[in-house]
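Keep the viewer open while you read.

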Amino acid sequence: MPAEVRTVHVVAKTHLDLGFTDLAAEVADRYVDEHVPRAISVAAELRARRPQPGAPAPQLVWTTGSWILHHALHHGRPEQRAAVAEAVERGVLRWHAL
């Protein structure tokens, strides 16, 4: 039987506005080159921490728009695409319905 969920964090989501803060291509590249790899890295660091016996392991699950994950899976460098695919398989990266 799965462990009881004790804490759930709910974070509001806005839309991904690719052309507001910079050129759309620059923002998309920033997600692929910086934000997504950083989320994967933080999730790995949290998994590596040794919690006290009986304490829940800290974890990060980054839920983001499906378009940006699709973009990362199809337009990143081969090693980026592989890392994103693995993170999706492990549940580190997930998409939402917006």
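Not counting residues up to four places away in sequence, which residues does Val 32 touch? The list is Pro 37, His 71, Ala 72, Gly 76 and Gln 80. Bear in mind that this is a predicted model. Val 32 is found in helix H1, which covers residues 24-48. With a relative accessible area of 8%, Val 32 counts as buried, because the cut-off for that label is under 20%.

Now zoom out to the whole chain. The protein chain has three helices and two strands, and from the N terminus on they run α-β-α-α-β. Along its principal axes, the C-alpha trace spans about 50 × 30 × 20 Å. Of the 98 residues in the chain, 23% are buried. As for contacts with a separation of 6 or more, 65% of them involve residues 24 or more positions apart.

Val 32 turns up again in the helix packing. The axes of H1 and H2 come within 10 Å and cross at roughly 70°, so the two helices are roughly perpendicular to each other. On the H1 side the contact is made by Ala 28, Tyr 31 and Val 32, and on the H2 side by Trp 67, Ile 68, His 71 and Ala 72. By class, that contact has six nonpolar residues, one polar and no charged.

What about the next pair along? The axes of H2 (residues 66-75) and H3 (residues 78-90) come within 7 Å and cross at roughly 135°, so H2 and H3 are oblique to each other. H2 brings Leu 69, Ala 72, Leu 73, His 74 and His 75 to this contact, while H3 brings Arg 81, Val 84 and Ala 85. Here the classes come out as five nonpolar, two polar and one charged. Ala 72 is listed in the contact of H1 with H2 and also in the contact of H2 with H3.

Two other residues are worth a click. Thr 64 belongs to strand E1, residues 62-64. Leaving aside neighbours within four places in sequence, Thr 64 is in contact with Leu 69, Arg 94, Trp 95 and His 96. Gly 91 lies in the loop between H3 and strand E2 (93-95). From Gly 91 to Trp 62 is 29 residues in sequence and 8.6 Å in space, C-alpha to C-alpha.

Here are the burial values side by side:

| Residue | State | Relative accessible area |
|---|---|---|
| Val 32 | buried | 8% |
| Thr 64 | buried | 6% |
| Gly 91 | buried | 10% |

Last stop, empty space. Rolling a probe the size of a water molecule over the atoms shows where such space is left. Which residues line the second largest pocket? The lining consists of Ala 43, Arg 47, Gln 59, Leu 60, Val 61, Arg 90, Gly 91, Val 92 and Arg 94. This pocket holds about 170 Å³ of space. Its lining divides into four nonpolar, two polar and three charged residues.

Methods:
Residues are numbered from 1 along each chain as its sequence is written. This is a predicted model: local features need pLDDT of at least 70, side-chain atom pairs count only at pLDDT 80 or more; totals for chains, interfaces and linings use all residues. Side-chain values use heavy atoms; hydrogens and water are left out. Axes are lines fitted to C-alpha atoms, for helices over the stretch in contact, and angles run from 0 to 180 degrees between N-to-C directions. Helices (H or I, at least four residues) and strands (E, at least two) are DSSP runs, numbered from the N terminus. Angles under 35 degrees count as roughly parallel, over 145 as roughly antiparallel, 65 to 115 as roughly perpendicular and the rest as oblique. Contact means heavy atoms within 4.5 Å. Ala, Val, Leu, Ile, Met, Phe, Trp, Tyr, Cys and Pro count as nonpolar, Asp, Glu, Lys and Arg as charged, and the others, Gly among them, as polar. On a 1 Å grid over the protein atoms alone, a cavity is a set of points where a 1.4 Å probe fits but cannot get out, and a pocket is an open set with protein on both sides within 12 Å along at least five of seven lines; lining residues have an atom within 4 Å of a point. Grid points are joined across faces, edges and corners, and a volume is the space filled by probe spheres set on the points. Buried means under 20% relative accessible area, exposed over 50%, partly exposed in between (1.4 Å probe, protein chains only).
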